[in-house]
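Here is a short briefing for a first look at this structure.

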Amino acid sequence: MSGIELTELEQDALTEIVNIGVSRAAASLRKMVGKQVLLSVPAVEIVTRERAASLLGQRESNDLVAVRQSFAGAFSGRAMLIFPEDNSLELVRAVTGDEMSPEDVVAIEDEALAETGNVILNGCLATMANMLRRPLTMSIPVVCRGPGRDLFECEPDSGEEGLVLFLYINFSVRERDLRGYIAMMMDMPSLTTLKDLLGQFIVEVVGEAPAGGDEALG
């Protein structure tokens, strides 16, 4: 059980912001792979790291690869682009145009994954920052591997309850066996700040303060 919850209006606003951010990130990925990128409707939940790992495990039973980047600003945390490990070389082939030998693809795998993750995560977070009118800075991407639980457990302490803003977005690339997910981990102060910023965003856009916002805080 998380210690902070979003109202329905805040959740809708965050889903829309994420949807726009991921759509722009997908456009960047489409330029890299030369194929249409298909996106599912984003699902946004604030859950514990254990629950996030369980949600991911329900969809992916094999080992995963994650490109991880820290972000800092009005709210801070870590974002991960996650996809099945057996998709990783296919993603590298897609972004390098199928022109490299299998040995060269393996040799540049981590570098290509980090650059691809950087493009997607930066595109998503930059859009969120712009829409919430708060700048964010991003760290250098890091590639890590393992089952879903290990990916979340390998994170440094993300707060007393280890909360995760889990953005479940299934993206796939047409004519390629590629799919992936995005997750963001924030501590309680950052989630509280994000909730406040969503309230300001809603007032600016629709002129309506989120109902019951104070009561939703645990």
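Helices H3 and H5 lie roughly perpendicular to each other (65 to 115 degrees). Helices here are DSSP runs of H or I with at least four residues, numbered from the N terminus. This is a predicted model: local features need pLDDT of at least 70, side-chain atom pairs count only at pLDDT 80 or more, and totals for chains, interfaces and linings use all residues. Residues are numbered from 1 along each chain as its sequence is written, and side-chain values use heavy atoms, without hydrogens or water.

**H3 against H5**
- The axes of H3 (residues 88-96) and H5 come within 9 Å and cross at roughly 75°.
- Axes are lines fitted to C-alpha atoms over the stretch in contact, with angles from 0 to 180 degrees between N-to-C directions.
- In the contact (heavy atoms within 4.5 Å), H3 supplies Ser88, Leu89, Leu91, Val92 and Val95, and H5 supplies Glu109, Ala112, Leu113 and Thr116.

**Helix H5**
- H5 (residues 109-132) has 24 residues, and its end C-alpha atoms are 34 Å apart.
- Arg133 follows H5 with a positive phi near 60°.

**Helix H7**
- H7 (residues 188-206) has 19 residues and reaches 27 Å, close to the 27 Å expected.
- Its buried residues (under 20% relative accessible area, 1.4 Å probe, protein chains only) include Leu191, Lys195 and Phe201.

**Cysteines**
- Cys124 is buried at 1% relative accessibility.
- Cys144 is buried too, at 14%.
- The structure holds zero disulfides (cysteine sulfur pairs within 2.5 Å).

Conventions
Buried < 20%, exposed > 50% of the residue type's maximum accessible area, 1.4 Å probe, protein only. Helix = DSSP H or I, 4+ residues; strand = E, 2+ residues; numbered from the N terminus. Expected span 1.5 Å × (residues − 1). Parallel < 35°, antiparallel > 145°, perpendicular 65-115°, else oblique.
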